[in-house]
Amino acid sequence: MAWRFKVSKYKNAAPIVPKKEDWVNDIKVGAPQSCGNHVKASAAFIAFNVENRGGGSLGLVPLDYKGRVDSSTPLIHGHSDLITDFCFSPFDDGMLATCSTDANVRIWHIPENGLKESLSNAEYSLPQFEKRVENVMFHPTTEFMLSLAYFDTVKIWDIKHEKELFSFSGHEDQVQNLCWNGSGSLLVTSSKDRTVRVIDPRTSKVAYEAEGHKSPKDSRIVWLGHTDRILSTGWDASRVREVRIRDVRNFSKPYKVQPFDSSTGILMPLFDPDTNMLFLAGKADVSIMYWEVTDKEPFLTEGLKHNGSVQTKGACLVPKRGLDVMSGEVNRLLQLTSNAIIPITYQVPRKTYREFHADIFPDTPGYEPSSTVSQWLGGANIPTKNISLDPAKRPNAKFQIHRGPLSKREESKIADADTPVPAPRSRISNGTECKPVSEVRPTLSKPMVAVKETVEEVEDENPSKLASIRKAFETRSVSVDEKIVERRREEVRQEQTIQEEEKENVSDQVTLRENSNRVSAAERRKTFEQRMASVEDKPSSPTPKRANVTRSFRRVCKFRHLKGTPGHKSTCIENLRELSRTTPGECDGLAANSEFVVLPLSGPGGKLSVIKHKKPGRLPDGVIPSLMNTSNVMDFTFDPFNDHTLAVACDDGKINLWHIPEGGLSQPTNQPNETFMDVGSSDKVTILKWHPLAAGVLAAATGDLNIKIWDIHRQSVALVLTGHPDQIFSMAWSPCGRYLATMCRDTHIRIYEPRHSSEPISEGNGPVGVRGARILWALNGKYLVTVGFSKVSERQISVYKSTDLTKPANTVGIDVSPAMLIPFYDPDSSTLFATGKGDSTIYAYEIGSDFPHLFPLSHHKCGSVHQGLVMLPKQLCDVRQVEFCKAMRLTSSVLEPLSFTVPRVKTELFQDDLFPPTFVSWEPVMTAAEWLGDTNRPPRTLSLKPSDMVSLSESREQQSPVSSQSNSGGPHTHIRHETPPFLKGMVPTEVRQTQHKLEESMSQQMDQISKVLEQDRMEGVDSTEWED
């Protein structure tokens, strides 16, 4: 029983938490929900999930990074949805694999110096799979082999030759985790069907199968290195977290079950096979447990627990090549929290750290693959060659491996396992001294630092001769500043010692025996110089230098801090009543122009109330003046070129045109000015859209799944667009008026060129939800924006390139709500507003041509829920108050104005950077006959600058000549001291005018004062007189 009392070298390994300034701070992780650990590390970089910024993104910083992560730090914009898992290659610190909810797996190449700009183009993408991919993991011994799991399927992929090697779909439910054994011959999986399976991929068979944890909740599994043991974490039937260890030789029953507590966060097992240290980090836990795995009872021995103060979002271990072994760091755990990454060092206490303690740092698997894909498929099980962690034996200072892009790499040529390798020759043979046989180094794709020869320390018969050298070796753990001083002292003493030894060697001929272990003075001198050179390679400061990160991700957005301000109560329209709450899903619910706003009323007959929004106040009681249609109203819209014309679509197939009197409605009316109806069809009309450039062109979506384009002046259908197999949700004209985009219930987006074809010219996949959708054009027709639902009823906003509808350029998830989001787009500011009936938040995004295309702005939160929102024309905006958008918000009984402004200091100037020339949307550029005759004309633009205002750019140009004149020293130049910018907005106008008059008066007085000095009038002595 002596083994019970065997002292472990790692029993007293203590967690050490650095100061907060040494953390990776100010990151935004969000709340990722997946089976991944959300943070991974290589010997060079740390990758971690960041909050969804319009898609799945990863943050990436160097391994030794300390301090704040700036908001402009470059990111990896990997996917259009949440990145569920990611993994670094064990053979390349710059190769990263990612998988996502969007069912894609991608391979990324990280430059050796880190990210200088955001990455959005993957080096290689696997074909899209059927469902969300949950796990990815590289093979431990073979390069270019990637294993992945999605739903009930596990696949192995050769990413170099771009082909599938293995597929297994025998799971009865979702695969939650997978892991390779140490030799890479077997793969173990845990599934939601509460079963643990050991799979032999090369035989396509399940080698072992047993019941896992009793609960179907999330579970994790890890193979304990090169042993036959497997460890898993999960919950039992009583929802108590537990750890189970089982042996493949008796797989049916675990030989160790360790229960813990009833917390809801899964225990993430992090196992180090070199030291048998097991770390258990529970999601949402503040503590991290450390256990040591043993071969015999009790199998798990508890170590020192880390008790923190912040909840854990994820955790990972740093590879052994990235540890500071000269400080006794046997492991480093990275704890991911909501806003930081905390590096927790586990240190084995020793009296001194001047030497490398080989007893606590056994050789670890190296960075060279032991077999190729073809060898592995042929049945080879070659373990990875181990390497030493001794800094004296490292190929370079950082011990990082960068092999370059995948496309430029060639598969490593690895000798077969049966090829005999000759033993190294002796260093001294037949009395002749020979140089040591250098170890065969792996071939790297990029040039590495030259490998320095090292000579093993040996016992000398005269220890006094090597005293100085050994002392120099022991000073490796001293701080760098102390080493510099100590090194100079040792160099002087070492030179004296070496000179004395060289004299002794010249005078006395030493006979070398074949098996002698003596080391000559020349070798010792050479070794000492190498040691000193290795010290010089280290940084001059013990604190790692902060990496220079290029701040290129966060684009400059002038509207980021937009402010929504509701109008005063005196500007609202109150006492609205009998409002309809059941408008069709294709209808926006409100319509407005520069004079009127239309509200649907409840009751039969399809009543619409028309109100002048420029006349606020309380509506009188009694009968509300309205337009009474013959049947239920499906949609309504104002003619953009005539504020008094309203088109109404009815469910009886009619389109009614109403002319609104100049002063508005004074009484109810049921006689439209014109009525249109297709004689050949009586299906209801669901959507109406006026042409943006041609007068009298109206597109109408009908119940027979067609779109009919009317010529209002001729009262006839000019064009019919077909090709929709289901209900049409939305449609929109392009800004140039040539194309028409539609969104259908079959989840497809279609683009038509109506004058040339009745069939769509382009088609692609849109939002997958069938509860409704909207579509509109952005960025002068280069992009399409859709608003819809996902499969789980999540409201989403997607951006598509109009030339590529195969997949969205990016998708942003908003929330889960049954209300349809209604989008509104301002082309001048490229701002997208979206809100739904029953919401109290108006979401704002800027549409950009660069990834991720959707840039969140300041969302406006209203004081109450609203029933609808409508944007007013651009010409109504008060540019003097920097108002770039104006809207009307409908609540239960009040219609209130809503102003969107941008905070600026110099409001007295026209902000021409915020107000570019706007499209003249209220005047047509062609007639219906011209447009139908294939005429194309660009829209006209108009500046919103008032005649009495000076633009911001002009004021800057006017200030530049003044500064140049003052610098040149011109006569009678007076420099006016302006009010500081941060105070100008607080100084009243009267005070500024008085100050300006005072400065002008002082300037005139200064001009009258002569600047000629009295001594300038005096005559001086001629220079020739001084010579006498």
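This is a predicted model: local features need pLDDT of at least 70, side-chain atom pairs count only at pLDDT 80 or more; totals for chains, interfaces and linings use all residues.
Colleague: Where do we start? How much of the chain reaches a pLDDT of 70 or more?

Modeller: Start with confidence. The mean pLDDT of the chain is 82. Of its residues, 79% reach 70 or more.

Colleague: Over which residues does pLDDT stay under 50?

Modeller: Residues 1-5 make up one such stretch. The model gives that stretch 3 contacts beyond four places in sequence. Residues 534-554 also stay under 50. There the model has 44 contacts beyond four places in sequence.

Colleague: Now the overall make-up. How many helices and strands does the chain have?

Modeller: The count is 8 helices and 70 strands. The chain has 1028 residues, and 49% of them are buried. Among contacts with a separation of 6 or more, 55% join residues 24 or more positions apart.

Colleague: How many bridges join strand 39 to strand 40?

Modeller: There are 5, between residues 596-600 of strand 39 and residues 607-612 of strand 40. These two strands run antiparallel.

Colleague: Next, a single residue. Is Val 293 buried or exposed?

Modeller: Val 293 has a relative accessible area of 2%, so it counts as buried, the cut-off being under 20%. Val 293 is found in strand 26, which covers residues 287-293.

Colleague: Which residues is Val 293 in contact with, leaving aside neighbours within four places in sequence?

Modeller: Val 293 contacts Leu 224, Arg 229, Phe 271, Asn 276, Leu 278, Phe 299 and Leu 300. Consider Leu 224. It lies 69 residues from Val 293 along the chain, yet their C-alpha atoms are separated by 9.0 Å.

Colleague: On to cysteines. How many disulfides does a search of the whole structure find?

Modeller: First the general idea. A disulfide is a covalent bond between the sulfur atoms of two cysteines. The search finds 0 in this structure.

Colleague: Then charges. How many salt bridges does the structure hold?

Modeller: It holds 40. Take Arg 249 and Asp 228, whose closest N and O atoms are 3.7 Å apart. The pair links distant parts of the chain, 21 residues apart. Arg 249 sits in the loop between strand 22 (241-247) and strand 23 (256-259). Asp 228 sits in the loop between strand 20 (220-223) and strand 21 (229-235).

Colleague: Is Arg 249 buried or exposed?

Modeller: Arg 249 is exposed, at 66% relative accessibility. Asp 228 is partly exposed, at 33%.

Colleague: Which salt bridge has both partners buried?

Modeller: Asp 828 and Lys 874 make one, at 3.9 Å from N to O. This pair also links distant parts of the chain, 46 residues apart. Asp 828 is in the loop between strand 60 (821-826) and strand 61 (831-836). Lys 874 is in the loop between strand 65 (868-871) and strand 66 (883-890). Asp 828 is buried at 16% relative accessibility, and Lys 874 is buried at 12%.

Colleague: What about Asp 704 and Lys 708?

Modeller: Their side chains meet in a salt bridge at 3.9 Å, N to O. Asp 704 is partly exposed, with a relative accessible area of 26%. Lys 708 is buried, with 6%.

Colleague: Which residues are linked in a network of salt bridges?

Modeller: Asp 193, Arg 197 and Glu 209 are linked in one.

Definitions and conventions:
Residues are numbered from 1 along each chain as its sequence is written. Side-chain values use heavy atoms; hydrogens and water are left out. Helices (H or I, at least four residues) and strands (E, at least two) are DSSP runs, numbered from the N terminus. Buried means under 20% relative accessible area, exposed over 50%, partly exposed in between (1.4 Å probe, protein chains only). Contact means heavy atoms within 4.5 Å. pLDDT is the predictor's confidence in each residue, from 0 to 100. A disulfide is a pair of cysteine sulfur atoms within 2.5 Å. A salt bridge is a side-chain nitrogen of Lys or Arg within 4 Å of a carboxyl oxygen of Asp or Glu. Two strands pair if DSSP finds at least two bridges between them.
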